[in-house]
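Colleague: I have just opened this one and I am new to it. Could you walk me through it while I look?

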Amino acid sequence: MLPKTRTPESRRMITLEVRGSTKPTPAFSVITLGGPELEHLKPMGFDQTVRLFFPREGQEGLRMPRLSSEAWMAELLLLPKSRRPWVRNFTIRRARPELGEVDIEFALHGDTPASTWARRARPGDPAGIFDMGLTYLPPAHAEWQLLAGDESAVPAILAILEHAPASLMAEVFLEVPGADDIRTDITAPDGVRVRWLARDGADALPGSLALDAIKESALRPGRFYTWVAGEAALATGVRRHLVRDRGVPKPDIAFFGYWRHGRSSPG
C-alpha cells in the first residue's frame with residue numbers, strides 16, 4: 001500500500017543555486033538554496049519533501065527535466081549518465097519566502113552522492129527541486145503522537161516540531177551518530193518530550209537504538225498517531241512492534257524506509 005501524501009495542486013521544476021552552507025553538528029550539513037523561481041514553491045511546513053537535483057562530479061551545469069509531472073523520471077532515464085543529474089529526496093528544513101531561500105539539511109553518510117555534493121557545495125553551484133508534498137498527516141482522533149527516526153529523518157522531525165501547534169503532545173525518539181550531534185536548541189511545544197540516542201561508534205545498525213528504546217518505553221495512554229522514518233529496519237520494526245505488541249491500528253502508523261544499510265540508491 002502506498003503511503004498517504006498531500007501534494008500541492010500545481011507543481012513545477014524549480015532551478016536554484018547554492019547560497020551558502022553551515023554545519024550544525026559534525027554529522028549534518030545545511031545547504032541554503034535560493035533564486036527567483038522559488039516564487040513557484042508553496043511552503044507547506046512539516047515534512048515537506050522535494051526531489052533534489054544536483055550535478056554529478058565532472059558535469060558542467062545542471063540538466064533539469066523539462067516535464068513537471070511524474071513523467072520526468074522517464075525523461076531523465078533516457079539521458080546518458082554523463083548528462084543525467086543525481087536525484088534524491090530531502091525535506092525542506094526551513095523556508096524563507098521573503099528572501100527567496102530554502103534550507104535543505106543533509107545527514108552526511110560516508111561517500112554517498114548527496115553527502116559528497118553537500119560537502120563540496122559552494123555559493124553559485126546549481127541545484128533544482130520538485131515539490132513532493134507531505135506525508136505527515138495526523139488524524140483528528142489522535143490524542144498524542146509518536147515521532148521517531150534515525151539521522152536521515154532528524155531534519156523532517158525537527159521541521160514537524162517547529163510547525164506543530166502549541167497543543168501537540170508527543171513522544172519523540174531521535175537517533176544520531178554521536179553525542180556531538182544532539183541538538184540543544186530545538187523548538188517544540190511544551191507537551192513534547194524528545195529523547196536523543198547517540199550510537200557513539202557502537203557497532204549497531206543505524207536505527208536499532210531508537211527501535212529498542214520504543215520497545216522498552218511505557219508509552220502514554222490513549223489512541224496515538226505514529227510517524228517513523230529512517231533506515232528500513234527501523235521503520236518496519238516500529239510498525240511491527242506497535243501492531244503486534246501494542247495493538248495499534250495499522251492506519252494510525254505512517255512509516256517510511258528512507259534508506260537501507262549497506263545499499264546505495266541507483267543513479
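Colleague: Let me start with a residue I clicked on: which strand is alanine 170 found in?

Modeller: Alanine 170 is found in strand S8, and please keep in mind throughout that this is a predicted model.

Colleague: Is alanine 170 buried or exposed?

Modeller: Alanine 170 counts as buried, because its relative accessibility is 0%, and the cut-off for that word is under 20% relative accessible area.

Colleague: What is alanine 170 in contact with?

Modeller: If we leave aside neighbours within four places in sequence, alanine 170 is in contact with Gln145, Gly191, Val192, Arg193 and Arg220. For a sense of distance, alanine 170 and valine 30 are 140 residues apart along the chain, and their C-alpha atoms are separated by 26 Å.

Colleague: Staying in that strand, what about glutamate 175, buried or exposed?

Modeller: Glutamate 175, which is also found in strand S8, counts as buried because its relative accessibility is 0%.

Colleague: And what does the side chain of glutamate 175 reach?

Modeller: The side chain of glutamate 175 reaches the backbone nitrogen of leucine 209, at 3.1 Å. Not counting residues up to four places away in sequence, glutamate 175 touches a list of residues that includes Gly149, Asp150, Val154, Leu197, Arg199 and the run Leu205, Pro206, Gly207, Ser208, Leu209 and Ala210.

Colleague: Changing topic, which residues touch the most other members in the largest nonpolar core?

Modeller: That core has 25 residues, and those touching the most other members are Leu147, Val154, Ile157, Leu161, Val172, Leu174 and Trp227. Two or more residues each come from helix H3, strand S8 (170-176), strand S9 (192-198), strand S10 (224-231) and strand S11 (253-259), and the largest share, 6 residues, comes from H3.

Colleague: What does leucine 161 touch, then?

Modeller: Leaving out residues up to four places away in sequence, leucine 161 touches Leu147, Leu168, Val172, Thr187, Ala188, Pro189, Val192 and Val194. There is also a second, separate core of 23 residues, and among its members are Leu52, Phe106, Ala114 and Ala127. As background, nonpolar side chains tend to be buried together in soluble globular proteins.

Colleague: Now the barrel: in what order do the strands close?

Modeller: The barrel is closed by 6 strands in the order S1-S2-S5-S4-S3-S6, with antiparallel pairing, and neighbouring strands of this sheet are turned by 45° against each other on average, direction ignored.

Colleague: How many bridges join S1 to S2?

Modeller: Strand S1 (residues 14-25) is joined to strand S2 (residues 28-34) by 6 bridges, the two running antiparallel, and one example is threonine 22, whose bridge partner in S2 is valine 30.

Colleague: And which strands pair with S6?

Modeller: S1 pairs with S6 in the antiparallel sense over 4 bridges, with leucine 16 standing opposite alanine 127 in S6. Strand S3 (residues 49-54) also pairs with S6 in the antiparallel sense, over 5 bridges, and there valine 50 has aspartate 131 as its bridge partner in S6.

Colleague: How many residues of S6 are buried?

Modeller: Of the 8 residues of strand S6 (residues 126-133), 7 are buried, so this strand is largely enclosed by the rest of the structure.

Colleague: Which strands does helix H3 lie across?

Modeller: Helix H3 (residues 154-163) lies across S2, strand S4 (86-96) and strand S5 (101-107), and it runs at about 25° to S4.

Colleague: I also noticed glycine 45; where does glycine 45 lie?

Modeller: Glycine 45 lies in the loop between S2 and S3, and it is buried, with a relative accessible area of 13%. Apart from neighbours within four places in sequence, glycine 45 is in contact with Leu134 and His163.

Colleague: Last one, about the whole chain: how many helices and strands are there?

Modeller: The secondary structure comes to 5 helices and 11 strands. The radius of gyration is 18 Å, close to the 18 Å that the globule rule gives for 267 residues, so the chain is as compact as a globular protein of that length. Of those 267 residues, 52% count as buried, and among contacts with a separation of 6 or more, 71% are between residues 24 or more positions apart.

Definitions and conventions: Residues numbered from 1 in each chain as written. Predicted model: local features only at pLDDT ≥ 70, side-chain atom pairs only at ≥ 80, totals over all residues. Heavy atoms only, no water. Pairing = 2+ DSSP bridges. Axes fitted to C-alpha atoms, helices over the stretch in contact; angles between N-to-C directions. Contact = heavy atoms within 4.5 Å. Core = buried A, V, L, I, M, F, W, Y, C linked by side-chain atoms within 4.5 Å. Buried < 20%, exposed > 50% of the residue type's maximum accessible area, 1.4 Å probe, protein only. Polar contact = N/O pair within 3.5 Å; in protein donor to acceptor, adjacent residues only side chain to side chain. Rg over C-alpha atoms; globule rule 2.2 N^0.38 Å.
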